[in-house]
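Here is a short briefing on one residue and on the pockets. Take the structure first, then the points below.

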Amino acid sequence: MTDGLEVRWVAADDPLLEPLVADLARDYDERYEPTNGVPSSAELTRYPASAFTAAEGGAFVALVEVAGDGSLRLLAGGALKRGRPGPEGRPLGELKRMWTSPEHRRRGLAGRVLAELEHRAADLGYTGLELTTGARQPEAVALYLRHGWTPDFDLDDDWEAVSYLRFTKGAPTKRAPTRPAPARR
């Protein structure tokens, strides 16, 4: 890739994702108090890794930087899983685990991860998408609004009272398969 970044589709339990899981756990626990003694980071173990496989209607994307020695450095990532039924009864694609490494924020990486997940959802046959974020994540709300997601709550309401901020969006059209460029003669 021209920007030195690569998109990798990985298993949810791939060791490459360890920084994502660890930093999300830290972030959730710093922003939110435990519920009935259960830390907010418990959300990260709510679904089995299999929920994020293509066979189950899911995917996990890692945006990585490849070093000269071939080692990978995770910069951003996110996941997709089968969500609840949408208005027409078909399941929605649900986005989860959106994350950008703290030292790489404000570079558009989250928007890129979001676009990759939206397109993968279309490739998997989803026609609608959903996600939730927490009331104490205004940067996430701004990201989703910037990328055309519709809030299912009044933006002027008290977000703490709303609690889980749900957004929806139609899936993009399926991407045409890429074909290699013809060989030059």
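V162 counts as partly exposed because its relative accessibility is 27%; buried means under 20% relative accessible area, exposed over 50%, and partly exposed in between, with a 1.4 Å probe and protein chains only. This is a predicted model: local features need pLDDT of at least 70, side-chain atom pairs count only at pLDDT 80 or more, and totals for chains, interfaces and linings use all residues. Residues are numbered from 1 along each chain as its sequence is written, and side-chain values use heavy atoms, with hydrogens and water left out.

**Around V162**
- V162 sits in helix α4 (residues 159–162); helices are DSSP runs of H or I with at least four residues, strands are E runs of at least two, and both are numbered from the N terminus.
- Not counting residues up to four places away in sequence, V162 touches F153 and D157 (contact: heavy atoms within 4.5 Å).
- R31 lies 131 residues from V162 in sequence and 16 Å away in space, C-alpha to C-alpha.

**Largest pocket**
- The largest pocket holds about 1,400 Å³ of space.
- Its lining has 48 residues, with Y28, T133, G134, Q137 and A140 the closest to the centre.
- β4 gives the largest share of this lining, 7 residues.
- α1 (18–31), β4 (91–100), α2 (109–123), β5 (128–134) and α3 (138–146) each supply at least two residues of the lining.

**Second largest pocket**
- The second largest pocket holds about 190 Å³.
- Of its 13 lining residues, A12, V21, L44, Y47 and R97 are the closest to the centre.

**Pocket terms**
- On a 1 Å grid over the protein atoms alone, a pocket is an open set of points where a 1.4 Å probe fits, with protein on both sides within 12 Å along at least five of seven lines; lining residues have an atom within 4 Å of a point.
- Grid points are joined across faces, edges and corners, and a volume is the space filled by probe spheres set on the points.
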